[in-house]
Amino acid sequence: MNTQKIPVAILGATGSVGQRFLELLSNHPWFEVVELAASEKSAGKKYSEATNWIMQTPLPDKFANMIVKRCEPNLNARIVFSGLDASVAGEIETAFAEAGYYVISNARNHRFDEDVPLMIPEVNSDHLDLLKTQKYKGGIVTNPNCSTIGLALALKPLYDYFGIEAVNVVTMQAVSGAGYPGLPSLDIIDNVIPFISGEEKKMETEPLKIFGKLDSNKIEFADIKISAQCNRVGVLDGHTECVQVKLKTKTTVEEIIKVWKEFKSVPQELKLPSAPQNPIIYFSEEKYPQPKIHRNIEKGMATSIGRLRECPIFDFKFVILSHNTIRGAAGGTILIAELMKAKGYIQ
Ligand code: NAP
């Protein structure tokens with residue numbers, strides 16, 4: 001192990017998000033994965049035997065030969081990334097935080113705890129201060145839902161420059177968002193499923209906390225009306241969203257494209273290793289963005305936007321695309337950890 005790096009562990013290492021963590025962390029300049037943990041059925045096995053590796057890059061030998069541990073707070077690494085199933089993440093993450101570990105999680109369980117940041121580093125890095133109010137010996141920080149992240153990144157410059165009154169969003173979400181093994185192929189090939197359990201509520205509520213104002217150690221939720229309809233489609237990776245917005249002040253298509261193209265934030269200023277150079281990429285071609293072509297842009301960490309035009313019902317409408325297991329999960333979580341290191345919360 002490179003002793004210069006911070007040792008980290010992955011909880012839920014065998015799942016779809018867990019594998020993405022390993023792929024993204026295999027050569028990370030600051031973090032070294034030293035332990036992998038998953039359920040009872042995987043514990044005690046070699047990682048290569050416990051998981052069905054579905055990433056497009058080969059499984060690195062250093063991970064293949066690791067023995068999977070139980071998700072119990074007796075790991076050596078003090079920083080843990082969680083890709084745990086929501087049915088178990090709540091209690092396990094609390095146990096780790098109480099025992100002094102810093103948990104950075106993809107699961108929904110702690111997202112609305114009053115003292116837990118729901119964090120997108122480009123949008124609300126100041127919310128990290130909530131960590132100082134936590135009762136844990138360690139701490140918990142959460143990553144929002146994968147569809148929320150792409151949407152909130154696109155909305156951030158609009159919120160800052162023009163104010164946002166209302167948002168209507170219809171999603172077309174990739175199958176990898178359902179975890180592994182996910183949906184039966186006979187259900188999703190040649191099909192669109194117009195329901196994803198719990199997803200619409202997450203998209204309608206999470207941005208209110210993310211865009212909320214941190215005041216006296218509490219988040220005052222933003223006042224935006226959001227309506228979401230979520231669909232599962234036969235795409236492997238990358239969530240597409242058709243968005244309509246009603247803004248508080250008048251503006252133009254040109255002005256909006258300008259603020260999107262110029263958008264940079266704290267991760268870019270701090271030059272965090274996983275920060276995209278441009279968190280928002282705007283396409284002027286009418287047929288873009290498309291998941292197959294653009295999901296890996298900026299190493300999967302940017303939100304691609306296209307088709308901005310005036311809307312006869314709301315003010316403007318556009319299409320966004322964001323990689324659900326990179327920006328929307330493991331990559332977004334790693335960026336949070338990098339921000340925590342840069343701000344001195346972890347070392
Ligand atoms: P997944 O493929 O189903 O993986 C779930 C992981 O949880 C596996 O490693 C599994 O280990 C582990 N696990 C299950 N039961 C456990 C238990 N009782 N004790 C310990 N570990 C247990 O799910 P995923 O898609 O990676 O998602 C992981 C989390 O990230 C979920 O909370 C999900 O909502 C969230 N998320 C997913 C995405 C996405 O695009 N996929 C995006 C954002 C957030 P075993 O293999 O040993 O069962």
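Me: How much area is buried between domain 1 and domain 2, and what makes it "buried"?
Reply: About 2800 Å² is buried between domain 1 and domain 2, and carbon and sulfur atoms give 68% of that. It is called buried because it is the accessible area (1.4 Å probe) that two parts lose on being put together, summed over both. By the way, this is a predicted model, where local features need pLDDT of at least 70, side-chain atom pairs count only at pLDDT 80 or more, and totals for chains, interfaces and linings use all residues. Residues are numbered from 1 along each chain as its sequence is written, and side-chain values use heavy atoms, with hydrogens and water left out.

Me: How do you know where the domains are?
Reply: The domain assignment gives domain 1 as 6-144 + 330-342 and domain 2 as 146-323; such bounds come from an automatic or database assignment. Their C-alpha centres lie 24 Å apart.

Me: Why is α1 called oblique to α12?
Reply: Helix α1 (residues 16-25) and helix α12 (residues 326-342) pack at about 50°. Angles under 35 degrees count as roughly parallel, over 145 as roughly antiparallel, 65 to 115 as roughly perpendicular and the rest as oblique, so α1 is oblique to α12.

Me: What kinds of residues make the contact of α1 with α12?
Reply: With contact meaning heavy atoms within 4.5 Å, the residues include Phe 21 of α1 and Ile 334 of α12. They divide into eight nonpolar, two polar and one charged.

Methods:
Axes are lines fitted to C-alpha atoms, for helices over the stretch in contact, and angles run from 0 to 180 degrees between N-to-C directions. Helices (H or I, at least four residues) and strands (E, at least two) are DSSP runs, numbered from the N terminus. Ala, Val, Leu, Ile, Met, Phe, Trp, Tyr, Cys and Pro count as nonpolar, Asp, Glu, Lys and Arg as charged, and the others, Gly among them, as polar.
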